[in-house]
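Please look over the sequence and the model below before reading the report.

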Amino acid sequence: MPGERKQATVMFADIAGSTERIAALDAEEARNFLHPIVTVMARAVHRYEGTVLRTLGDGLKAAFGVPHAHEGHAVLACHAALAMRAAVAELPDAPPIRIGLHSGEVVSGKLDSGSSIEQDVTGLTVHLASRIEQEAPPGEICLSRDCQTLLRAYCDTETLGPRALKGIPDPVEIFRLIGLKPAVNSEHFRGTSLMPMRGRASELEALQRALTDTAPGSPRVIGISGATGVGKSRLCFEFGERCRERQIRVLEARAQVHSRSTPLVPVLEALRAFFRIEPDMTAEVARTRIEQTLTMLALPVAEHLAPLTDFLGCAEPTSRPVDPATRRMRLRESIRRIAKAAWSQTSVIIIEDLHWLDEASQDFLETWIAAVEGTKVLMVLTFRPEWSLPSRPASYLQLTLPELGPGEVSQVIRDLLGDGPGLDQVVAHVAERSDGNPFFAEELILSLAQSGVLLGERGRYRLASSGWQNPTLPTTVEAVIGARIDLLPDSEKALLQTAAIIGKEFPSEVVRIISGLSDAATRPLLRRLRAAELIQPRQTAMGESFAFRHPLIQEVAYAMQLRSRRVSLHAAVAKAIETQEWGRRDEFAGLVALHYEAAGNMVAAAMHLQRSARWVGRTNSGRALADWKKIRRMMEGQPRSRENDELRALAGGQLLTFGWREGIPVEEAKTYVDEALGYAREAGNRRHEALLIAGYGRIIAASGSADDYVRLVREALAVLDAEANPAEALLLKGLLCQANMLAGFVGDALAANSAAMELIDDERRGKAGIVLGLSVGQMVGFDVPYWIKCLQAGALVMLGRFDEADQRLARLFQADPADAEPLHQGIPHDVAVKLAWFRNDTLAATRHANQVARIATQAGNPYWFVVASYCQGVAASTAGDFVEADGFFQQALDASRRGKAGLELEARLLAFQADNLMRAGDALRAGEVAAEAIGVAQRKADRIAECHGSLVAAGVCLTPGASRDGDKARGLLHRANALIDETGAKAYEPMMLLMRAQLSEEKDLARSHRS
């Protein structure tokens, strides 16, 4: 039958040596011997909210935290084990028992055996608990490391070392349970390495103010309300420590997770602390302590000693029995009188975790509260929001602890992690998932350390060399939140779990469709979940929506469900979203893909993800590249079909498109293009084949020769029937223009651009259907005509036709931004920066470089970072800020070489850097960098960069004070002149003429010296 995943503690217990004990007994005698013992064992399980799953003749199998989750499942199991051992030991002629405990994930559900339906749990956790019990010596309680981790704040244990367990591949460390630790929270904090308390200064100040304010009507009882993990106990500890430093008496007690199983424990704790009664103290010494304290308080010993010693378990053996009602009345009166008499001096009573308070203790709490009225005692109570004080006295003040703010929780995380390098991602991720809850943040970090993502120790962690990976949901957090969810009525719980499948935000219409409920039935359930502070309304583009109040609530509600149920619901969610108007938009295609992927339908997931990748690629090429890689992986092993193959081919092409922006190695690109070309050629799709060939050329240009780019684009044009496919021809002509510009053939670039411009208005250009019905514009993700107009302006600048370039740029700047892909809006500004440099126009260079930097920041991709740094370097050099310019050029070069993005600009960057160094008067470095620029330019066939580098190198040879070499300068100028003639880059002619004039002066000077 359907079940749920739970964090639980499984117990196995049996009678040690039972076989030998019953060997000589007949069946009835054996039953009479075993049954009372197993019955006592079962009672201990039930007392501590456990579930007996099965009795085993001489023992039992039990679980804590099922069928309903409980955050204290391990603690309950520990108390049950101790109580079980003690109860069995009191039986006549009882043999010792042995108990094994293990905590972990189980699947809890009903088991239909045919004749009956019983609660059961399954999973490795069950088998481990059984094996651990078999390792326990007679009379001992043994537990696993996972169980001990959950118990260590509450119980004392000692390790028995690692043990090889049957059927378990790795050794398992076993611990022996010794006993319970003090219950007060301050003992759990004391002796540990505490981090600074963050974000609670105002609440701590309020407590300190209330302590000293004894005026009539001032608060004497303060309630601190807050969700699990926000820091209620830590706040009380810090307040208590400040009080102790001032010699103010602090009395502590707390309700236990098992309080309903063991009534009045908080009252017992408080009174034992007040009378200073230690656990190992004899009854006689305890009675003496109580009598001395009553005498000191001037209270009648004869009236109060009997009810107090009776309650505290140290009464005289000969004392007369009293009926329960009278005993309770006398005890309450004694507590009231003691409170009034004892606390005439400033004192503090802290009682924590009242949400677990048992009903019997409630009366005594009210007695205490009434007793502190008009005294110098400050009573501090802590509880969760679902609990409230039944009646609030006039002197009551409530403090509500919210989650920490983003800055505060980030500081908490930094305190826990330390300042090691590379931890920013960890801080951001933990802050997002913990959402202001310091306990959740600490547990997430512990989970990362346990999984090996973080190395080191608390406060001094470092990221492992394997890198970042998301932490698993901590079992402690899962148990805490799971317990809240399990308290919900079935209808509300089912709706919450359905919503968790949809995501951290969920539209009410989708959750209604998936749940199969009417709107009238769904709305009350959502209101009640909102009242329970599990969800909250949220305005989204998906219409009326809700969000989980905390991200981890969604994660736990999701994790509780069996995988089989999650798979079917994810498929239903994907289909439901597709029925919504908003769900058919490209911006939500990634969400649909996510659900299809979780449902195991990889083809449907990939089809939707390609829509999302094309959409997101307009603004975030890095994310688009990652999505296309994922699509390629999704399609591995999927059946061959025309549509599937087209998607595979499309993925290969898109990986080339976004790969050059982000920087991918040529070898990786070749894998993609070969695969995509195989599908395109097999399908006879010449149009796509042509685009793939040209796209690969664009990648080649980054680290190889620009001439190869030109060759490949021409090859692509030869493959394409340009007359029949003007849209594809337009793109290829644009790519040919770009390729020629990179190779330095500026005249050829403008000719290709002019041919492209003639195709812009071709009415047949709207023809669709290269692959998956997509047009050229849809495949490349930008407006091709706008891009071609940008390229034209660049060609005109290099040709030295500055006025014409001005006109083209002016029209581009006046264009509606909606007509251009956001990144391509930066191209005209990039061209304008170079134009301003040729004109020595500082203001224009700076203005346009700033625009490129702004667009690059928005883009956030490596290519545009390189371009922006390049432009800022050019602008700074134009302004005469040569040091800053050198920094920008070096920044661009480093980023390009490191990220493999924009490497086609490497030679030009080096040439500009050398030019800047020459202007700065650093002839030595200028010469070195110019030589490097020439070498890179020749290797990459970048003739413009070679021309610029040659001119700079010639200038260095003619620089006064440097090692002048007129012959070398003449040779360099000759080469630069030839390159200008070959490329048509007339923009460099003024620089050439200036160098020639310097060379001529050099000759005249040499003649005058000879004469």
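## Basis

This is a predicted model, in which local features need pLDDT of at least 70, side-chain atom pairs count only at pLDDT 80 or more, and totals for chains, interfaces and linings use all residues. Residues are numbered from 1 along each chain as its sequence is written, and side-chain values use heavy atoms, with hydrogens and water left out.

## Whole protein

The protein has 43 helices and 18 strands (DSSP runs numbered from the N terminus: H or I of at least four residues for helices, E of at least two for strands). Its radius of gyration is 39 Å, well over the 30 Å that the globule rule gives for 1011 residues, so the protein is more spread out than a compact globule. The radius is taken over C-alpha atoms, and the rule is 2.2 Å times the number of residues to the power 0.38. Along its principal axes, the C-alpha trace spans about 135 × 70 × 55 Å.

Of the 1011 residues, 55% are buried (under 20% relative accessible area, with a 1.4 Å probe and protein chains only).

## Asp886

Asp886 lies in helix 38 (residues 882-899). Asp886 is buried, with a relative accessible area of 15%. Leaving aside neighbours within four places in sequence, Asp886 is in contact (heavy atoms within 4.5 Å) with Gln913, Asn916, Leu917 and Arg925.

Notes:
Buried means under 20% relative accessible area, exposed over 50%, partly exposed in between (1.4 Å probe, protein chains only).
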